[in-house]
Amino acid sequence: MSERARPVMALLGRLLGAVPLKVWLVLIGTGVIGAGGWFTWQEYRTALTDAASAQQALDTVQAESDQRQLVIDALWQNAQRLEEQRRQLNDTKADLERTASNRLTRLRELIHENAELRAWAGTRLPDAVIRLRERPAVTGAAAYRQALRDTQPVQPPGERTDD
């Protein structure tokens with residue numbers, strides 16, 4: 001130790017020796033409590049920061065979940081609408097099949113019952129009559145149904161139409 005440090009140390013030793021042990025214990029206890037309080041305060045701030053981050057993450061996940069639920073609901077409604085359209089198409093198809101089957105059955109009955117009709121059914125129609133039966137292409141079930149409804153016979157010569 002240097003010459004200058006010896007008097008400072010001696011003075012410090014006298015001051016420290018003059019303070020009673022109880023005071024030292026109180027000072028040390030106060031320091032320990034203060035350090036513990038500071039550490040607790042730091043932990044509390046860290047916990048608040050972590051809680052805020054967790055809340056923000058929860059809000060983000062909740063918003064994403066809500067968005068996904070909106071998409072799921074829209075897809076479900078679309079699926080229900082498509083299922084209803086499929087049912088309607090099946091009903092229309094069944095109705096058209098019944099109509100076609102009934103007409104075919106009626107034609108067979110007529111051909112079976114009437115010898116003149118049977119003979120006529122076996123012959124080729126004249127070109128003028130074939131042209132009368134030509135129709136534009138049918139697109140879709142509704143157009144086909146309408147084409148089946150519009151099967152009015154050609155008026156015999158001499159009778160007037162309502163046109």
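The legends below describe several close-up views of one predicted protein chain.

In this predicted model, local features need pLDDT of at least 70 and side-chain atom pairs count only at pLDDT 80 or more, while totals for chains, interfaces and linings use all residues. Residues are numbered from 1 along each chain as its sequence is written, and side-chain values use heavy atoms, with hydrogens and water left out.

**View 1. The chain as a whole is built from five helices and zero strands.** Read along the sequence, the pattern is α-α-α-α-α, where helices (H or I, at least four residues) and strands (E, at least two) are DSSP runs numbered from the N terminus. The chain exposes about 14600 Å², of which carbon and sulfur atoms supply 60%; accessible areas come from the Shrake-Rupley method with a 1.4 Å probe, and for residues only the protein chains shown count as cover. Of the 163 residues in the chain, 2% are buried, a term that means under 20% relative accessible area, whereas exposed means over 50% and partly exposed lies in between (1.4 Å probe, protein chains only).

View 2. The pLDDT is the predictor's confidence in each residue, from 0 to 100, and its mean over the chain is 82, with 80% of the residues reaching 70 or more. Where pLDDT is low, the predicted coordinates should not be read in detail.

**View 3. A nonpolar patch lies on the surface and includes Phe39.** The patch is formed by Trp38, Phe39, Trp41, Tyr44 and Leu48, which together have about 630 Å² of accessible area. Phenylalanine 39 belongs to helix H2, which covers residues 21–113. Patches are made of residues with over 30% relative accessible area and no salt bridge, like charges being joined within 9 Å and nonpolar side chains (Val, Leu, Ile, Met, Phe, Trp, Tyr) within 5 Å.

**View 4. Glutamate 97 and lysine 93 form a salt bridge.** A salt bridge is a side-chain nitrogen of Lys or Arg within 4 Å of a carboxyl oxygen of Asp or Glu, and the structure holds seven of them. In the pair shown, the closest N and O atoms are 3.9 Å apart. Because glutamate 97 and lysine 93 are four residues apart in helix H2, about one helical turn separates them. Glutamate 97 is partly exposed, at 46% relative accessible area, and lysine 93 is also partly exposed, at 49%.

**View 5. Further salt bridges include the pair of glutamate 109 and arginine 106.** The closest N and O atoms of this pair are 3.6 Å apart, and both residues lie in helix H2, three residues apart, which is about one turn of the helix. Glutamate 109 is partly exposed, with a relative accessible area of 37%, as is arginine 106, at 44%. Elsewhere, a network of salt bridges links Glu83, Glu84, Arg86 and Arg87.

**View 6. Arginine 124 and aspartate 127 meet through their side chains in a salt bridge.** The N to O distance is 3.2 Å. Arginine 124 counts as exposed, at 64% relative accessibility, whereas aspartate 127 counts as partly exposed, at 45%.

**View 7. Arginine 103 and leucine 148 are 45 residues apart in sequence, with their C-alpha atoms 9.7 Å apart in space.** Arginine 103 is found in helix H2 and is partly exposed, with a relative accessible area of 33%. Alanine 147, in helix H5 (residues 141–149), is buried, with a relative accessible area of 15%. The C-alpha atom of alanine 147 is separated by 10.0 Å from that of alanine 137, which is 10 residues away along the chain.
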